[in-house]
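Notebook open, model loaded. I want to look up charge pairs, rings and a pocket.

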Amino acid sequence: MSRCAQQLRDHDTNPCVAETDASRRCMDDNNYNKDMCTAYFLKYKSCRKFWHDIMMQRKRNGVKPEMPSAEERKKILETMGKPY
């Protein structure tokens with residue numbers, strides 16, 4: 001697996017691995033009919049937007065690392081429920 005592909009699969013750098021897998025699985029199961037997987041695509045898009053907003057807020061506040069670790073993200077989601 002290439003280094004870039006490994007980074008995309010890393011739960012510490014990519015908060016939306018589960019949503020990515022779900023949308024790919026939907027595409028595989030539905031013979032790549034995008035219309036059948038719209039809900040999965042929207043959930044992935046919402047996930048990316050949510051974590052991007054968190055990352056930008058942390059960047060503005062000078063918090064390092066800008067993207068929370070997988071453990072931190074789990075705690076954030078537990079406190080607020082799954083927002084996407």
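My entries follow, starting with the ground rules.

**Ground rules.** I am working on a predicted model, where local features need pLDDT of at least 70, side-chain atom pairs count only at pLDDT 80 or more, and totals for chains, interfaces and linings use all residues. Residues are numbered from 1 along each chain as its sequence is written, and side-chain values use heavy atoms, with hydrogens and water left out.

**Salt bridges.** How many salt bridges does a search of the whole structure find? I get 3, taking a salt bridge as a side-chain nitrogen of Lys or Arg within 4 Å of a carboxyl oxygen of Asp or Glu.

**Entry one: aspartate 53 and lysine 49.** I find their side chains joined in a salt bridge, 2.9 Å from N to O. Both residues lie in helix H3 (residues 38-60), 4 residues apart, about one turn of the helix. For helices I use DSSP runs (H or I, at least four residues; strands are E, at least two), numbered from the N terminus. I then looked up accessibility: buried is under 20% relative accessible area, exposed over 50%, partly exposed in between, with a 1.4 Å probe and protein chains only. Aspartate 53 counts as partly exposed because its relative accessibility is 38%. Lysine 49 comes out at 52%, so I list lysine 49 as exposed.

**Entry two: arginine 58 and glutamate 72.** Here the closest N and O atoms of the salt bridge are 3.4 Å apart. This pair links distant parts of the chain, with arginine 58 in helix H3 and glutamate 72 in helix H4 (residues 70-80), 14 residues apart. Is arginine 58 buried or exposed? I note arginine 58 as buried, because its relative accessibility is 13%. Glutamate 72 has 34%, so I put glutamate 72 down as partly exposed. I also checked glutamate 72 against phenylalanine 50: they are 22 residues apart in sequence and 14 Å apart in space, C-alpha to C-alpha.

Lysine 64 is exposed because its relative accessible area is 66%. With 25%, glutamate 66 is partly exposed.

**Rings.** I find 1 aromatic pair in the structure. Phenylalanine 50 and tryptophan 51 make up this edge-to-face pair, at 4.8 Å centre to centre and 80° between the planes. My cut-offs: rings of Phe, Tyr and Trp (its six-membered ring) pair if their centres lie within 6.5 Å, and planes under 30 degrees apart count as stacked, over 60 as edge-to-face and the rest as tilted. Phenylalanine 50 and tryptophan 51 are both buried.

What sits over the ring of tryptophan 51? I see the charged end of arginine 73 there, 5.9 Å from the ring centre. For that call, NZ of Lys or CZ of Arg must be within 6 Å of the ring centre and within 35 degrees of the ring normal.

**Second largest pocket.** I looked up its lining and got 14 residues, with His11, Pro15, Cys16, Arg73 and Leu77 nearest the centre. A pocket here is an open set of points on a 1 Å grid over the protein atoms alone where a 1.4 Å probe fits, with protein on both sides within 12 Å along at least five of seven lines; lining residues have an atom within 4 Å of a point. Helix H2 (17-29) and H4 each supply at least two lining residues, and H4 gives the most, with 4.
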